[in-house]
There are 2 protein chains.
Amino acid sequence: MANKEAAWLDEIQWNKEGLVPAIVQEEGTNKVLMHAWMNREALQKTVRLGQAVYWSRSRQCLWQKGEESGHTQNVTEIRIDCDRDTLLLLVTQEGGIACHTGRHSCFFQQLRENAWVCTDPVIKDPKSIYPQK
Amino acid sequence: MANKEAAWLDEIQWNKEGLVPAIVQEEGTNKVLMHAWMNREALQKTVRLGQAVYWSRSRQCLWQKGEESGHTQNVTEIRIDCDRDTLLLLVTQEGGIACHTGRHSCFFQQLRENAWVCTDPVIKDPKSIYPQK
């Protein structure tokens, strides 16, 4: 890849682990679907494929969103913040399910009177999303 | 504070530094305004005050949003994700300006053809927001 093409990647303030947070927001509704992490390669692949690829901190590997579930994310826009240390992705969510629990968004718990309360329904049973597990 | 009141705080997966990311979203428009960090005390204060208080990693201190600029954030809803390691705050933004550059949102740069392009206008000159600096 030519230097010119990589310059925008060099302008990102990667943390000590070479990662930046990525906020994932749904095109149209603007709902926040999830929060993930990206390294340089994940972001490059995301741009190349037009589909979201993240870095899994727990598994220490690249992770194409939806590779098991089919719930891929088509990326329509990529933004960066003033400090250039956080990304914002606009996506269309395949299947309408971003969360591994089978819900639309990962942020399905709300703080109410000193307790986390589940407010959003399961759209699809995770057992049928991940039958091999 | 009684144990019962603190239980919801214990359920959060704080990282090694005792922090979690907080995505800040505007009530109504659902625009993502900024990405910040919170420790236990910042979140407790946020709940108590009804206004956003963050942990500044660069200054290593609590930081009430708007303490200098007046651009405080009234918190209307607090959510947590499936892994309980990321918060989502719904806020109304005083002055309509969340970014220290005088823009509505910190995510004012978009990736276009291998370059970060500024897409959002400055609403107020930072020099008049922070005259003491």
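**Notebook: two chains, their folds and their contact**

I began where the chains meet, and found that strand 5 of chain A and strand 7 of chain B run antiparallel and are joined by two bridges. Within strand 7 of chain B, the residue that stands opposite A:I80 is B:Q109. I note at the outset that this is a predicted model, and I read every entry below with that in mind.

**Entry: the contact between the chains**

I next looked up how many residues take part, and found 32 residues of chain B in contact with 31 residues of chain A. On the side of chain B that touches chain A, at least two residues each come from helix 1 (3–10), strand 1, strand 2, strand 5 (73–80) and strand 7 (109–111) of chain B. Strand 5 of chain B gives the largest share of that side, with four residues. Sorted by class, the side of chain B that touches chain A holds 15 nonpolar, 10 polar and seven charged residues.

**Entry: how the copies are related**

I then asked which rotation superposes chain B on chain A. It is a rotation of 180 degrees with 0.0 Å of shift along its axis, and the RMSD is 0.0 Å. The two copies are therefore related as by a two-fold rotation axis. In chain B, the C-alpha nearest this axis belongs to B:N30 and lies 2.8 Å from the axis. Both copies use the same surface, since 97% of the contact residues of chain B recur in chain A.

B:N30 sits in the loop between strand 1 (20–26) and strand 2 (32–38) of chain B.

A:R84 is placed in the loop between strand 5 (73–80) and strand 6 (87–93) of chain A. A:R84 is partly exposed, with 14 other C-beta atoms within 10 Å.

**Entry: chain A as a whole**

Turning to the fold, I counted three helices and eight strands in chain A, which follow one another along the sequence as α-β-β-α-β-β-β-β-β-β-α. The radius of gyration of chain A is 16 Å, close to the 14 Å that the globule rule gives for 133 residues, so chain A is as compact as a globular protein of that length. Taken along the principal axes, the C-alpha atoms of chain A fill a box of roughly 45 × 35 × 30 Å. I found that 34% of the 133 residues of chain A count as buried. Of the contacts in chain A between residues at least 6 apart in sequence, 39% join residues at least 24 apart.

**Entry: the hairpin of chain A**

Strand 1 (residues 19–26) and strand 2 of chain A run antiparallel and are joined by seven bridges, with A:A22 having A:A36 in strand 2 as its bridge partner. These two strands of chain A form a hairpin with five residues between them, and in the turn A:G28 has a positive phi of about 95 degrees. I also looked at burial in strand 2 (residues 32–39) of chain A, where six of the eight residues are buried, so this strand is largely enclosed by the rest of the structure.

**Entry: helix 2 in both chains**

Which residues of helix 2 (residues 40–49) of chain A are buried? They are A:A42, A:L43 and A:T46. Seen down the axis of helix 2 of chain A, these buried residues fall within an arc of 95 degrees, so they line one face of the helix. Just after this helix of chain A, A:G50 takes a positive phi of about 75 degrees.

I repeated the search in chain B, where B:A42, B:L43 and B:T46 are buried in helix 2 (residues 40–49). Just after helix 2 of chain B, B:G50 has a positive phi of about 75 degrees.

Conventions. Residues are numbered from 1 along each chain as its sequence is written. Chains are lettered from A and ligands numbered from 1 in the order in which they are written. This is a predicted model: local features need pLDDT of at least 70, side-chain atom pairs count only at pLDDT 80 or more; totals for chains, interfaces and linings use all residues. A residue is buried if 20 or more other C-beta atoms lie within 10 Å of its own, exposed if 12 or fewer, and partly exposed in between; C-beta atoms are placed from the backbone. The arc is that of the directions from the helix axis to the C-beta atoms. Copies are superposed by least squares on the C-alpha atoms of residues with pLDDT of at least 70 in both. Two residues are in contact if their C-beta atoms, placed from the backbone, lie within 7 Å. Ala, Val, Leu, Ile, Met, Phe, Trp, Tyr, Cys and Pro count as nonpolar, Asp, Glu, Lys and Arg as charged, and the others, Gly among them, as polar. Two strands pair if DSSP finds at least two bridges between them. The radius of gyration is taken over C-alpha atoms; the globule rule is 2.2 Å times the number of residues to the power 0.38.
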